[in-house]
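Please follow the walk through the structure below.

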Amino acid sequence: MLWRKDVAQRRIDKLIREAPAVDVRNFRDDYLPHYKLRAAMLQAESKAVAPPLHNLPKSSAVLVQTIQIYICITNYDDFRLESGSETASSHDRALRFLHLYYSACDRSTEGTDAQRVDFHGSRMHAVVIDENGDSNPEEAIAEALSFVLRFQKVAEQANRQLARNEFDARIRVGIDVGPCVAINNGTGNEQEPLFLGSAANHAAKLAAGTEPGVFVSDAVRARLSLVQLGALEHKKPLSDLDISRVLTRQQERDLSLRAQPRSGPSTDNIVEKWREEIANRDVPDPVIARFAFHYKAPPLKNIDYGELSPSNSIRMPLASVFADLSGYTAYIDNAIAQDSIALAVKALYVIRAEFQNVIEQDFGGRKVRFIGDCIHALLAEGSSTTTDDKLSVQRSLECAGALRSSFELCQTSLPGLSSLGLAIGLEFGATPVSRIGIRGLRSVRVASSVATTRSEKMQRECGHNDTRVGPAMSLLIPASVRDLFDGDCSTSDLTYDDIATAMGSFGVQISAPSYIPSPPRNTGNVSRAHCDIS
């Protein structure tokens, strides 16, 4: 068997023992004074200063007021598909498309109070930290809106001047305001904060739709003295007049306080510098097909993201898995209200570490990233030249069952998790894997295809403890296992034992993996165990 209960239990017990005690601090009173002092010291030594909340110790969590911003490209499939299908050339174009907009987002944050949090497919996540602790929220909201307009202008100019109008994106933005818990979501060269709480979750939901525009929550509208919309939040964007009024009021406040403008370099200067970098070959030219794809022999756990680039990218049939903690947003909001943030953060570290252990140690897959309380991973089985589609699907179903079984062990080993569920979505298909965006430390890993999009969609359509399979994978499921799913290719509470029993009782062998599972990592603390990106 690939997953064993006793092995998983020992791993979880070890993670719990070695998890650091989490120190919870308030951003304005506890974190910010120390950050400003250290930033001043680094500047005096002409050293780079990381944005606030980056490089947090794994033992730290910071309660902070935020403006959460999600930017979604609604017409992404127009560039990912070629005559309705995915091909190597359409994937090249899609990745060049994302590269342009990821770069525009990062360049637009320079010199402003906004900072990029993460990129995921056609979705960009940014945040403005409200240093005043919600005492003057309109100022931070104005900065968020200013960043959105700045990004749109940079993206439009870059498309027109650098990409010769090849990539005309339609943009939908979701914005919410509220307290979040910031923790570290990376290691090595990918240090970035993760914001846990309903504001981040709700902003993402407002950005999910097909109509372009800037859609803000009622919480934002209340702070701007605008009419609140209730259930119509996601249907009525802010008007240009509303946005203009907010920005005008902020400019007037800045003038009255003689405050320095925070808009950063002009959009013209940003694009001109970008053009110079392309001419000097410091960054890729967005109009030239630069993505060279190769097949990666399983196991995928050997993927080194640091070695990937446009000229060295993977493209192959594989299984995409999204596993999301159902009910976690309410859980963390309750932790904020009940002053139990430390326990909630420790639980998340342990659960995510075990999920990565299941995927990479037990099944030879590769984590792409953690997206809040969700993990995205890739799995494949096959030879040195070809993916075995059916065996890859079988292995991903086994992995899905093992994720739920390990989650149930976490629930029995950690207090207060009984309200949480696990929603898992899976799909199979050709998928490119690479790194794109600004070069160096700010480039980001990407695995983006119809399969990855559908697996995330399947996860979102799940009930509290469901596992749901996409249409392409459903055609490859072994007959004995298909009986576990309903007509919509969904099932509830599917564990590893369920998969093993179905396959064994119907004479389907759970075959050995194409690699030898590695022993548990001998890590000194949970932070290294849960987020190794090498």
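Helix H4 passes helix H5 in a right-handed crossing; a crossing is called right-handed if the near helix is turned clockwise from the far one by less than a right angle, and left-handed if anticlockwise. The model is predicted, so local features need pLDDT of at least 70 and side-chain atom pairs count only at pLDDT 80 or more, while totals for chains, interfaces and linings use all residues. Residues are numbered from 1 along each chain as its sequence is written, and side-chain values use heavy atoms, with hydrogens and water left out. Helices (H or I, at least four residues) and strands (E, at least two) are DSSP runs, numbered from the N terminus.

Two packed helices are described by the angle between their axes and the distance between the axes. For H4 (residues 88–109) and H5 (residues 137–161), the angle is about 135 degrees and the axes are 9 Å apart. Axes here are lines fitted to C-alpha atoms, for helices over the stretch in contact, and angles run from 0 to 180 degrees between N-to-C directions. H4 and H5 are therefore oblique to each other, given that angles under 35 degrees count as roughly parallel, over 145 as roughly antiparallel, 65 to 115 as roughly perpendicular and the rest as oblique. On the H4 side the contact (heavy atoms within 4.5 Å) is made by Leu100, Tyr101, Ala104, Cys105, Arg107, Ser108 and Thr109. H5 contributes Phe147, Arg150, Phe151, Val154, Ala155, Ala158 and Asn159. By class, the contact of H4 with H5 has 9 nonpolar, 3 polar and 2 charged residues; Ala, Val, Leu, Ile, Met, Phe, Trp, Tyr, Cys and Pro count as nonpolar, Asp, Glu, Lys and Arg as charged, and the others, Gly among them, as polar.

H11 supplies Ile351, Glu354, Phe355, Val358 and Ile359 to the contact, and H12 supplies Cys399, Ala402, Leu403, Ser406, Phe407 and Cys410. These residues of the contact of H11 with H12 divide into 9 nonpolar, 1 polar and 1 charged.

How many salt bridges does a search of the whole structure find? The search finds 24, a salt bridge being a side-chain nitrogen of Lys or Arg within 4 Å of a carboxyl oxygen of Asp or Glu. One of them joins glutamate 354 to arginine 11, with the closest N and O atoms 2.8 Å apart. Glutamate 354 lies in helix H11 and arginine 11 in helix H1 (residues 5–18), so the pair ties together parts that are 343 residues apart in sequence. Buried means under 20% relative accessible area, exposed over 50%, and partly exposed in between (1.4 Å probe, protein chains only). Glutamate 354 is buried at 0% relative accessible area, and arginine 11 is buried at 6%.

Arginine 395 takes part in a salt bridge with glutamate 381 (3.1 Å, N to O). Arginine 395 lies in helix H12 and glutamate 381 in the loop between strand E11 (374–379) and H12, so this pair ties together parts 14 residues apart in sequence. Arginine 395 also forms a salt bridge with glutamate 398, the closest N and O atoms being 2.8 Å apart. Glutamate 398 and arginine 395 both lie in H12, 3 residues apart, about one turn of the helix. Both glutamate 398 and arginine 395 are buried, and glutamate 381 is buried too. Elsewhere, Asp92, Arg93, Arg96 and Glu166 are linked in a network of salt bridges.

Phenylalanine 119 has its place in strand E3 (residues 114–120). Is phenylalanine 119 buried or exposed? Phenylalanine 119 is buried, with a relative accessible area of 1%. Leaving aside neighbours within four places in sequence, phenylalanine 119 is in contact with Tyr102, Cys105, Asp106, Met124, Arg369 and Val444. Phenylalanine 119 and arginine 445 are 326 residues apart in sequence and 8.7 Å apart in space, C-alpha to C-alpha.

Most residues other than glycine have a negative phi, and most peptide bonds are trans. Asparagine 55, in the loop between helix H2 (27–44) and strand E2 (60–73), has a positive phi of about 60 degrees. Asparagine 55 is partly exposed, with a relative accessible area of 46%. A cis peptide bond joins proline 298 and proline 299, with omega about 10 degrees.
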